[in-house]
Amino acid sequence: MTRMLVPLLMAFANVLAATPALASEWQTQPGSTLGFAAEAQGEKFSGAFERFEARIRFAPDALTGSRFEVEIDLKSVNSQNTERDEMLADEAFFNSAAEPAASYFAERFSRLEDGRFRADGVLTLRGVSAPVPLDFSWTGDASAATLEGEASLDRIAFNVGAGEWADAEAITHHVSVRTKLVLTAKPSTTP
Amino acid sequence: MQWRNSEARWGSTAQLLHWGIALLIIGLVAVGLLMQELPNSLFKVKVYGWHKSIGLSVFALVLIRLLWRLLDRRPPYPLGMPRWQQRLSSGAHGLLYVLMIGMPVSGWLYNSAANFPLRWFGLFAVPSLSAPDPELKQLANQLHEYGFYVLAALFTLHVGAALHHHYFKRDATLTRMLPGRSKP
């Protein structure tokens, strides 16, 4: 009987040890950025959202329990050009008077061959939800980490710049997004 | 008609530069005043692009014209023109040159400080004169606007003086800037 019990207990102990580590919660710190770049009239321009809230739960060894939830204040867009920012707020672009926020949600993560990760997330912008994968690197330790990610999206899929602005020569359809999150671990709430 | 200036009249080079730049400036003023009234549209973006591209072309032409002015002789003032009129004419022409340089430069600076990239008629990138700078943008905008008022006043004086010489003084001041055979 004991001869059977010991391996059983050991197996149970192994299962306990193999239980995936919990993905920890992170708090964004100053220095975190969320920017985009595209081309208009053949010239590059870039901008950033000055206000966004990223609720990040992530651990490189606990992808299953990880989760990104980001809310972006579209009115905080700054492309260092007042006229352009006003135009981006217009109905034809972000329509931020009617839809002041965009959101990004991801709970499916995978590891890329180059050591980075991919979040198969969904971006909701102007009432349209569509998949936008985010590839990111994750560096740091258990208390402080940095996420550097990039994504690429088709603005037409989200009706950003519809009508005559859909002309790809006026503004490229492809918009690249870059983000850097400076993170510190939230103090654990579970005992 | 000679391409160089003579004692009696302006040559074809000076005339071409004078009338070409004049037409472009009149076009720039018309477009510049109207484009501000346009609603936001792709057309508006294009019209602004034209205004900027034509303005930069005028800048280049004025530089060539100044160089030509240095190299070539200038027909003298009509005989018997009072000294004060000569001074006024010389001062007004000097100021016209200041504005023909100042308007494109302030526009270029405004565009740069406002952080608009610019391609000359969509062909090549025009370098930016400044980093994005709201204060400089406002200053350049004011220079561009007030420059326009001064330019409009000088233009009126210039045309008025030319017509005065032609119809009242009956001298060759206007005709020597016109193509065709010079009258003795």
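Biologist: How many salt bridges are there between chain A and chain B?
Modeller: Heads up: this is a predicted model, where local features need pLDDT of at least 70, side-chain atom pairs count only at pLDDT 80 or more, and totals for chains, interfaces and linings use all residues. Residues are numbered from 1 along each chain as its sequence is written, chains are lettered from A and ligands numbered from 1 in the order in which they are written, and side-chain values use heavy atoms, with hydrogens and water left out. A salt bridge here is a side-chain nitrogen of Lys or Arg within 4 Å of a carboxyl oxygen of Asp or Glu. By that rule, the count between chain A and chain B is 2.

Biologist: Which residue forms a salt bridge with K137(B)?
Modeller: Look for the closest N and O atoms of the pair, which sit 3.0 Å apart. The partner of K137(B) is E83(A).

Biologist: How much area do chain A and chain B bury between them?
Modeller: Buried area is the accessible area (1.4 Å probe) that two parts lose on being put together, summed over both. Here 51% of it is on carbon and sulfur atoms. The total is about 1200 Å².

Biologist: Which residues in chain A lose the most area to chain B?
Modeller: Three residues together account for 35% of what that side buries. They are Q41(A), E43(A) and E83(A).

Biologist: How many residues does the contact take from chain A, and how many from chain B?
Modeller: Contact means heavy atoms within 4.5 Å. With that cut-off, chain A gives 16 residues and chain B gives 15.

Biologist: What pattern does chain B follow along the sequence?
Modeller: Helices (H or I, at least four residues) and strands (E, at least two) are DSSP runs, numbered from the N terminus. Chain B has 4 helices and 2 strands. Read in order, the pattern is α-α-α-β-β-α.

Biologist: At what angle do the axes of α2 and α3 of chain B cross?
Modeller: Axes are lines fitted to C-alpha atoms, for helices over the stretch in contact, and angles run from 0 to 180 degrees between N-to-C directions. Helix α2 covers residues 42-71 and helix α3 covers residues 83-113, and their axes come within 9 Å. The crossing angle is roughly 145°.

Biologist: Which residues of α3(B) make that contact?
Modeller: On the α2(B) side, the residues include F59(B) and L63(B). Facing them from α3(B) are Y97(B), M100(B), I101(B), P104(B), V105(B), W108(B) and N111(B).
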